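Look at the sequence and the structure together, and keep both in view while reading. The paragraphs below go through the strands, the helices and a pocket in turn.

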Amino acid sequence: MNIHFWGVRGSVPTPISPQQVQSKIMAAIQRAKPEDLLNAETRAKFVSSLPSWIFGTAGGNTACVELVNNNTHVILDAGTGIRALGKARACPDKYYLFFSHFHWDHIQGFPFFDHAYNPNCRFEVYSHYDDAEKYFWDQVAEPYSPPSVGKTIAKNINFNRIYEDEEFMLDDMKINSHKMRHPGDSYAFSFEYEGKKFVYATDVELKTTDYIGDFAGEGVFRNADILVIDSQYTVEEVYRKENWGHSSFCYAIDFAVYWNIKKVYLFHHEPVYDDKKLNSILEAARWYAQYINHSDIEIYLAKESQEIIL
Ligand SMILES: [Zn+2]
Ligand SMILES: [Zn+2]
């Protein structure tokens, strides 16, 4: 499986601000020594040695993750990240489009996806919602979109209703799903192929009861190789924002430990957090895993344009 992050931000698209660019430049300049600036080669070496929160960015596009397994092309959510996916990829014969739920940040990219206007591109949509088709098309209805969008957007889209905890095959991959705690619900998906398991679980408010005692969802989560999980909040925020539908990184780690998961990608980043803050959350999450004696879990920050091979 090849997994590619096209959008990792939560709630609303978050372009990097001029102040954030200035902070990155200042942080880089403060680290530079005279010998780093001698010539093009030393400068390039210096830049590539900078921490990724200075040199790079997690990105501001909302949720969109691509999964390619052999000739099966899956897109998980159609947040604004899907726009860049459409620019980078030729349309395969068919896209399988999975929706965790229909909150705006998970659908709003589709009208800006080039392949949505390609008459030769077919889409099979999978969701747990009876009214998925209506939710999907409402965003391109007037007055929310120009009339031309509704008229020209792809018509070769087929909607498939699926049910939680009911496995099914998609070509040669086994798919399962589980309902998560989120306002209006959201669904986590697992994808399995030849003993490898990838799980996408965004927009979920974990509680301690989810990993003490018997929590349903075993078929989706148990022994996953990779878990992409909502970790929008700090520990302090999670108490202030109860019932907002998102998790702290500590709960995400506890959840991964409970289900014996190998690698965790923190996802659905809070819009107000800059790259420096996200990096501090990553460091705190790694510290927390050590603190609970589970430093064997690998923890990463999901970043735009990052590719994982499983
Ligand atoms: Zn969301
Ligand atoms: Zn949501």
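Predicted model: local features only at pLDDT ≥ 70, side-chain atom pairs only at ≥ 80, totals over all residues.

Residues are numbered from 1 along each chain as its sequence is written, chains are lettered from A and ligands numbered from 1 in the order in which they are written, and side-chain values use heavy atoms, with hydrogens and water left out.

Helices (H or I, at least four residues) and strands (E, at least two) are DSSP runs, numbered from the N terminus. Two strands pair if DSSP finds at least two bridges between them. One open sheet has seven strands in the order 6-5-4-3-2-1-14, and its pairing is mixed. Strand 6 (157-161) and strand 14 (307-309) are the edge strands, each pairing on one side only. On average, neighbouring strands of this sheet are turned by 20 degrees against each other, direction ignored. Angles in general run from 0 to 180 degrees between N-to-C directions, and axes are lines fitted to C-alpha atoms, for helices over the stretch in contact.

Within this sheet, strand 1 (residues 2-7) and strand 2 (residues 64-69) pair in the antiparallel sense over five bridges. I3 has L67 in strand 2 as its bridge partner. Helix 4 (residues 81-88) lies across strand 1, strand 2, strand 3 (72-76) and strand 4 (94-98), and runs at about 125 degrees to strand 1.

A second open sheet is also built of seven strands, with the order 7-8-9-10-11-12-13 and mixed pairing. Its edge strands are strand 7 (168-170) and strand 13, each of which pairs on one side only. The twist from one strand to the next averages 25 degrees.

Strand 11 runs parallel to strand 10 (residues 196-201), to which four bridges join it. It also runs parallel to strand 12 (residues 263-267), here with five bridges. I226 stands opposite F198, and its bridge partner in strand 12 is K263. Helix 9 (residues 249-258) lies across strand 8 (173-180), strand 11, strand 12 and strand 13, at about 150 degrees to strand 11.

L310 lies in the segment after strand 14. Leaving aside neighbours within four places in sequence, L310 is in contact (heavy atoms within 4.5 Å) with M1, I3, K196, K197, F198, D225 and I226.

Helix 10 lies across strand 12 and strand 13, running at about 170 degrees to strand 13. Helix 10 also gives the most to the lining of the largest pocket, with six residues. Helix 3 (52-55), helix 10 (275-291) and strand 13 (298-301) each supply at least two residues of that lining.
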